[in-house]
Amino acid sequence: MTHLEPGMPAPDFTLPDQHGASVALSDLRGQKAIVYFYPEALTSACKQQACDFNDALPDLGGHGYAVVGISRDSVEKLARAAELDGLEFPLLSDADLSVHRAWGTFGEKNSYGRIVEGVRRSTFVLDEQGVITHAFYNTKAKGHLDMLAKRLAFRD
């Protein structure tokens, strides 16, 4: 399984967002970015994580960060999630899991003591050139933004 690390260029992608528009990683060049992968929209943990990112957008934007969430959900499901939660950042659909696999966020994981295949909740921080500065695999939704705030010093 792929395992990305700081200093590596982030694998490129072009995926549809919740509105059906194509978003490419290259669209984010020139600004820092947080790209996070999550298992499933409209579930409690994923909703909490998305809302935490949304609430932090003013702080993140003020420090030059864009946010993009990626899941294997359909564009329609992502549109429902974004509307229900008032999300103001792109949610991207990777239905065939190709981007998940390229970033090492889909594969075997431990789920409540069982080894299963699925999405590994993960977050990557990229610099303005698309190089990974931080890679966090197997993160928890709860407390994730607080950890990022400390590591990236984006909350004033």
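Modeller: The discussion below concerns a predicted model.

Colleague: Which residues have the most contacts inside the largest nonpolar core?

Modeller: They are I34, F53, F89 and L91, in a core of 25 residues. Two or more residues each are given to this core by β3 (32-37), α1 (44-62), β4 (65-71), α2 (75-85) and α4 (144-152). The largest share, six residues, belongs to α1.

Colleague: What does F53 touch, not counting residues up to four places away in sequence?

Modeller: F53 touches I34, Y36, L60, V67, F89, H144, L145 and L148. Apart from this core lies another, of 20 residues, with F13, L15, F37 and I132 among them.

Colleague: Turning to the largest pocket, what is its volume?

Modeller: The volume is about 570 Å³. Its lining comprises 21 residues, and P39, K109, S111, V119 and R121 lie nearest the centre. The elements that give two or more residues to that lining are α1, β6 (106-111) and β7 (114-119).

Colleague: How many of the lining residues are nonpolar, polar and charged?

Modeller: The lining has six nonpolar, seven polar and eight charged residues.

Colleague: Now K32: where is its place?

Modeller: K32 is in strand β3.

Colleague: And why does K32 count as partly exposed?

Modeller: Because its relative accessibility is 23%, and partly exposed covers values between the 20% limit for buried and the 50% limit for exposed.

Colleague: What is K32 in contact with, leaving aside neighbours within four places in sequence?

Modeller: K32 is in contact with H63, G64, Y65, A66, L126, D127 and E128.

Note on methods. Residues numbered from 1 in each chain as written. Predicted model: local features only at pLDDT ≥ 70, side-chain atom pairs only at ≥ 80, totals over all residues. Heavy atoms only, no water. Core = buried A, V, L, I, M, F, W, Y, C linked by side-chain atoms within 4.5 Å. Buried < 20%, exposed > 50% of the residue type's maximum accessible area, 1.4 Å probe, protein only. Helix = DSSP H or I, 4+ residues; strand = E, 2+ residues; numbered from the N terminus. Contact = heavy atoms within 4.5 Å. 1 Å grid on protein atoms, 1.4 Å probe; cavity = no way out; pocket = protein on both sides within 12 Å on 5 of 7 lines; lining within 4 Å. Points joined across faces, edges and corners; volume = space filled by probe spheres on them. Nonpolar A, V, L, I, M, F, W, Y, C, P; charged D, E, K, R; others polar.
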